[in-house]
Amino acid sequence: MQLLSKIRYKKKDYILRQCQFSNKVYIVLNGFVRHFVIDKDGNEKTIRLTTENGFFYSSNVSFYLGEPSYINCQVLEKADLIYWTSEQLNRLRDSNSSFLEFENKQLINFIIEKHKKEISRLTKTAKDRFVEFNKERESYFNRIPHHIIASYLDMTPETLSRLRADIKS
């Protein structure tokens with residue numbers, strides 16, 4: 001049995017749609033993936049952005065609990081990914097302790113990233129969130145639509161545009 005697979009997605013392809021089941025874990029070799037939900041009003045809310053060398057479960061809850069996903073994963077620019085199915089992962093975990101360590105490290109990194117984002121959203125102003133994002137991920141502005149960055153930062157596109165203009169002046 002092959003222990004990993006490679007796949008290429010075109011811009012705007014979906015890796016996973018809401019209500020589908022997730023049984024894969026991915027690493028982005030090149031490209032850009034966004035993870036988003038649809039809120040109660042029908043708006044897309046970006047909850048995560050994954051780029052080169054990023055590790056992600058298409059939906060953690062779906063993957064581990066076998067429930068339909070509430071998350072959509074969409075490619076924002078042409079992307080090459082490697083992935084493991086849940087069956088491949090189980091075999092790797094059983095046969096390779098260093099892979100288990102790698103996976104645990106990735107899960108810890110995900111938990112920390114998610115926690116920091118949640119705390120930032122609750123404790124920082126829109127300007128502070130923008131400044132922090134711009135410092136760490138400025139190149140994203142040249143790669144993906146700005147309304148997606150605004151959604152990720154939990155602000156309107158207009159607020160993001162105003163903050164960008166204020167920083168430049």
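**Exercise 1.** Which residues does Phe 133 touch, not counting residues up to four places away in sequence?

*Solution.* This is a predicted model, in which local features need pLDDT of at least 70, side-chain atom pairs count only at pLDDT 80 or more, and totals for chains, interfaces and linings use all residues. Residues are numbered from 1 along each chain as its sequence is written, and side-chain values use heavy atoms, with hydrogens and water left out. Contact means heavy atoms within 4.5 Å. With that sequence limit, Phe 133 touches Leu 49, Glu 138, Tyr 140, Phe 141, Ile 149, Tyr 152 and Leu 153.

**Exercise 2.** Describe the largest nonpolar core.

*Solution.* Step 1: such a core is a set of buried Ala, Val, Leu, Ile, Met, Phe, Trp, Tyr and Cys residues joined through side-chain atoms within 4.5 Å; buried means under 20% relative accessible area, exposed over 50%, and partly exposed in between (1.4 Å probe, protein chains only). Step 2: the largest core has 16 residues, and Leu 49, Phe 133, Ile 149, Leu 153 and Leu 160 have the most contacts inside it. Step 3: two or more residues each come from helices H4 (126-137), H5 (146-152) and H6 (157-168). Helices (H or I, at least four residues) and strands (E, at least two) are DSSP runs, numbered from the N terminus. Step 4: H5 provides the largest share, four residues.

**Exercise 3.** Determine which residues of H4 are buried and which elements they pack against.

*Solution.* Step 1: Arg 129, Phe 130, Phe 133, Asn 134 and Arg 137 are buried in H4. Step 2: these buried residues pack against strand S4 (44-50), helix H3 (97-123), H5 and H6. Step 3: on the other side of H4, Lys 135 and Glu 136 are exposed.
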